[in-house]
Amino acid sequence: MVTLRKQYAVDRSVYSEDSFAEEHEKVYRLHKTILDHLKEYLTCDSKRAKNAVLSLLPIIGWMRIYRVKEWLLGDVVSGISTGLVAIMQGLAFSLLAGLPPSYGLYTAFFPMLTYFFLGTSRHISIGSFPVLSLMVGAVVTRLVPEKGPAANITGFEGLTPDQQRVVVASSVTFLMGIFQLAMGVLQVGFIVVYLSDTLVSGFTTAAAVHILVSQLKFVLGLEVPGISGPLSVIYTLEKVFVQITSTNICDLVMSILIMLAVYVVKELNDIYKAKLPVPIPIEVITTVIACGASYGFNFEERFGVEVVGKMVTGYESPIAPNMEIFQESAVEAFPIAIVGFAVAFSVAKVYSIKHDYTIDGNQELIAFGVSNMFGASFRSFAASTALSRTAVQESSGGKTQIAGLISAMMAMIVTVALGFLLEPLPRSVLGALVIVNLKGMLMQFREIPYLWRRDKPDCVVWVLTCLGAILLGLDLGLAVGLGVELLTVVFRTQFPRCSVLANIIGTDLYRDRKDYLHIFEPNGVTIFRIPSPIFFGNIEFFKDKLIEAVGFNPLRILRKRNKALRKIKKLMQKKNEKDMNDLSTQTTDEPGMTMEELPVDIRVPKVDLHSLILDFSAVTFLDISALKGLKMVLRDFIRIDVDVYIVACDVYILEKLHSCMFFDDEIRTSMFFPTLHDAMLHVLEKHKEGTSKARAIIDTQL
């Protein structure tokens with residue numbers, strides 16, 4: 001790495017904010033009011049109308065630049081490859097949602113049709129996602145348990161349990177879409193920034209644990225009722241271990257063989273991905289083999305293996321969402337909407353950066369909202385994207401969502417014409433495919449040591465989010481994670497690392513005095529830096545750290561001086577001036593303080609500090625409470641004859657100080673300086689430091 005050694009020299013006057021304003025006239029701009037912004041937002045012309053259409057239908061933008069000869073073949077190959085994966089994942093993830101497998105194919109088809117027109121990402125594969133499937137499955141299990149009566153909902157009358165589960169899943173998905181669409185219309189796509197990478201990692205890891213536990217009953221061939229709510233993982237494991245002796249050996253052997261085969265081939269795909277034109281579709285291969293073996297050897301009757309069974313042929317008529325289910329599931333639907341968008345947007349962002357195009361968070365919310373509402377009307381469940389499926393779509397040559405459309409057509413062909421071929425497929429095979437695809441999410445446990453070494457608060461967020469989601473359920477776990485994450489933000493801003501700065505000799509740079517050896521600190525000057533906003537939550541912490549930095553409490557000094565003055569006034573009334581001249585000086589044990597002792601034991605504290613410089617370069621805002629507290633602190637120092645200077649204060653903070661009547665006869669605008677070095681040069685000139693070091697620092701003035 002090259003170290004810069006260039007020199008620069010600037011010759012200018014030492015500025016305070018007042019003198020800078022006098023010499024350099026500022027342009028005052030008129031700030032728009034809320035009414036002005038509203039009027040501008042509602043004004044429409046041809047250009048805005050065109051931009052609105054292009055924004056709402058991103059397909060117009062990328063279709064105009066579509067290179068048929070260069071991109072079409074790659075999109076077709078990618079669509080076929082992704083479609084095969086999407087079909088298998090749709091069948092498998094439908095088990096997580098507590099639905100018959102055929103409805104997973106609906107999720108691979110309907111949401112993609114609308115996202116093709118409305119989405120801004122050209123590479124993500126829309127369809128089922130295991131975490132969302134599990135979250136929807138928790139609602140399905142709660143309202144339509146496998147054992148016991150279903151919830152008392154009017155729309156359930158005359159429906160079979162499977163049909164009731166489909167109604168619940170589609171209604172929850174429709175409500176999820178409403179939430180996403182509403183957030184997109186209200187332009188609140190920024191909400192995803194509150195889900196940090198650390199939180200999402202911990203949450204998805206916990207979801208992987210839930211998914212793993214939920215699939216054990218299929219892999220082992222046991223009859224375990226679905227359980228939702230807090231501690232559901234523990235209760236499910238308890239029921240699995242109670243029945244462990246009833247394990248279906250055929251299911252277990254098939255699952256182990258398929259997991260080993262899929263794991264090995266996926267590793268080979270990763271190792272030789274540069275040489276393979278298309279990843280080996282091992283899920284499809286194992287599914288075909290398992291179907292053939294199950295049909296040929298009649299696994300269902302000979303070994304008691306539970307199979308997929310009757311597949312729905314074709315598409316059913318649309319259904320309306322159930323309002324009673326809306327009321328029952330509103331609390332769960334909102335986190336499902338947030339998680340679905342957050343995962344999809346984070347994956348889309350990765351590929352948009354890689355391929356150099358932009359994505360719009362608000363438009364993505366609209367696209368997913370409409371897609372989920374449209375899909376739910378045709379009995380599909382929550383759709384987002386899966387990283388593994390998207391990786392297949394991108395790595396196999398996909399350039400645009402034409403690949404996604406072709407993958408949806410593949411799901412349609414299976415639903416309409418080939419679904420019967422999947423009827424003998426053992427459900428344990430689908431469970432094994434789900435588990436083996438959890439590798440990436442489960443391996444995120446390796447992040448804990450790294451986070452602990454690099455950023456302990458982030459590590460706490462990861463661990464508590466993961467534990468909360470495992471023990472309390474995914475919806476409550478997400479709330480716990482958000483709460484912990486916000487607490488870490490509060491902790492970082494409420495207790496920032498304050499420091500005392502010193503000059504690096506021969507420069508105009510100032511750094512923490514604990515970090516450097518060759519520094520210059522003029523006698524009687526303290527430079528204090530707070531690297532955070534100052535607000536009601538940390539103003540007391542700011543005061544305490546400032547008192548710790550200067551070595552005394554100015555209010556205490558002021559009170560002692562006032563007390564001494566009152567006693568002196570009483571003495572002056574009783575004694576003549578001769579008595580008052582018998583003063584002797586005595587040094588106290590308190591750091592930074594001396595005393596003047598009077599004959600009657602009156603002590604007048606005298607501080608060694610004459611100048612206090614506050615570095616506000618990292619202070620981004622002040623609220624009213626902090627403003628009042630700051631004013632009181634500054635007054636206390638000024639009243640004990642300590643000059644206070646504030647440097648590098650943001651212009652908008654200065655404007656707020658003026659508007660809030662911060663300045664008066666004691667606190668003046670002359671206290672403010674544009675840079676730390678300007679303030680230091682002013683202090684040294686004012687107090688005429690006589691040392692060679694002081695002269696050296698003056699010589700480096702800019």
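Reader: Which residues of α5 and α6 meet?
Author: From α5, A86, I87, G90, L91 and S94 meet S102, G104, L105 and A108 of α6, where contact means heavy atoms within 4.5 Å. By class, this contact has five nonpolar, four polar and no charged residues (Ala, Val, Leu, Ile, Met, Phe, Trp, Tyr, Cys and Pro count as nonpolar, Asp, Glu, Lys and Arg as charged, the others, Gly among them, as polar). The model is predicted, so local features need pLDDT of at least 70 and side-chain atom pairs count only at pLDDT 80 or more, while totals for chains, interfaces and linings use all residues. Residues are numbered from 1 along each chain as its sequence is written, and side-chain values use heavy atoms, without hydrogens and water.

Reader: What makes α5 oblique to α6?
Author: The axes of α5 (residues 68–96) and α6 (residues 102–118) come within 7 Å and cross at roughly 130°. That angle makes α5 oblique to α6, because under 35 degrees counts as roughly parallel, over 145 as roughly antiparallel, 65 to 115 as roughly perpendicular, and the rest as oblique.

Reader: Why is α7 called oblique to α8?
Author: The axes of α7 (residues 130–143) and α8 (residues 161–185) cross at roughly 130° and come within 9 Å. The angle therefore makes α7 oblique to α8. α7 passes α8 in a right-handed crossing.

Reader: Which residues of α7 and α8 meet?
Author: L132, V136, V139, V140 and L143 in α7 meet R165, V168, A169, V172 and M176 in α8. By class, this contact has nine nonpolar, no polar and one charged residues.

Reader: How do you know that the span of α26 agrees with its number of residues?
Author: The expected span is 1.5 Å times one less than the number of residues. The 16 residues of α26 (residues 624–639) should therefore span 22 Å, and the end C-alpha atoms are 23 Å apart, which agrees. Just after α26, D641 takes a positive phi of about 70°.

Reader: What do the buried residues of α26 pack against?
Author: They pack against α23, α24, β10, β11 and α27. Among the buried residues of α26 are L627, L630, V633 and F637 (buried is under 20% relative accessible area, exposed over 50%, partly exposed in between, with a 1.4 Å probe and protein chains only).

Reader: What covers the buried residues of α21?
Author: The cover includes α9, α10, α20 and α22. W462 and I470 are among the buried residues of α21.

Technical notes: Helix = DSSP H or I, 4+ residues; strand = E, 2+ residues; numbered from the N terminus. Axes fitted to C-alpha atoms, helices over the stretch in contact; angles between N-to-C directions. Left-handed = near helix turned anticlockwise from the far one by under 90°.
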